[in-house]
Amino acid sequence: MKIFVLSLKRATERRKRITEHLQARNISYELFDAVDGTLLSDDDMVQLCDMEVVKKNHTWLTKGMIGACLSHYRIYKKIIEQNIPYACVIEDDVAIDANFSAVLDKIEAFISERKFVLMHYTSWQNMQLLPVQKSLYKDFGLYEMSNLEGLNSAACYVLSNDAAAKLFDLVLPIRMGPDSWTEFAQGGAIPKIYAVYPKPATIVYAKSTIDYIEAKSFAWYLSNFVNDYKIFPLYQFLKYRRKRLYNKMNHIQIVG
């Protein structure tokens, strides 16, 4: 299966980690340069975004978030243009299970028209999983997400060519995040959302390259300084806080 790895050119430490990690797992992949939202001009924003929605949600729909949306959008475009039947998209803060490649092989038999499978997922609500194929590979099973409310994370997923085409048509103008799966499902791009459980991909609790803080503000410089130089104990505290938040968004219930 074709695997795209999304990574910002300037995020050298993250890029190095993910490439070494995937090579150690013997995974073939294509590195895909993510869009750096901080470089978007005001004209770019007007052309690509629903500015009324952006202004209303400026605290989270930042240029960094918009850059992330465009990154996934450009991957959808490449999948369509190169007529790739299905693909896996991985962000550079992911760690994959030793069985990841074998799980992908099993998913290939399932991926067909309008199929979308999350390999990593979190939610602000309880996630309810309906069994589709409990014995996909070893302990991994394939499930349908029955509760989409609050569902998020675009860290790792698999999609078919026509699902990419539907998402491509829906993303612009940008008015929501790249992981707004509930909205994408309601918009008809991905009628059902499937997930592999246990998750064959996790995250490493690294600082997000999506800037939720105003670029080049004092807080922005301070945050980057703490992260780049791993200032003790702030660096450790922020990583602990990210892990704690992740655990709050990881309540899963198998139904049936």
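A residue is called buried under 20% relative accessible area, exposed over 50%, and partly exposed in between, using a 1.4 Å probe and protein chains only. The model described here is predicted, so local features need pLDDT of at least 70 and side-chain atom pairs count only at pLDDT 80 or more, while totals for chains, interfaces and linings use all residues. Residues are numbered from 1 along each chain as its sequence is written, and side-chain values use heavy atoms, with hydrogens and water left out.

Nine strands build an open sheet with mixed pairing, in the order β2-β1-β3-β10-β5-β11-β8-β7-β13. Strands (E, at least two residues) and helices (H or I, at least four) are DSSP runs numbered from the N terminus, and two strands pair if DSSP finds at least two bridges between them. At the edges lie β2 (30-33) and β13 (252-254), each pairing on one side only. Within the sheet, β1 (residues 2-7) and β3 (residues 86-91) run parallel and are joined by five bridges; I3 has C88 of β3 as its bridge partner. Helix α6 (residues 161-171) packs on the sheet, where it touches β3 and β10 (156-160), and its direction makes about 100° with that of β10. Such angles run from 0 to 180 degrees between N-to-C directions, with axes fitted to C-alpha atoms, for helices over the stretch in contact.

Attention now turns to D97, which sits in the loop between β4 (94-96) and α5 (100-108). D97 counts as partly exposed because its relative accessibility is 27%. Leaving aside neighbours within four places in sequence, D97 is in contact (heavy atoms within 4.5 Å) with R25, F140 and P200. The C-alpha atoms of D97 and T202 are separated by 8.1 Å, although these residues are 105 residues apart along the chain.
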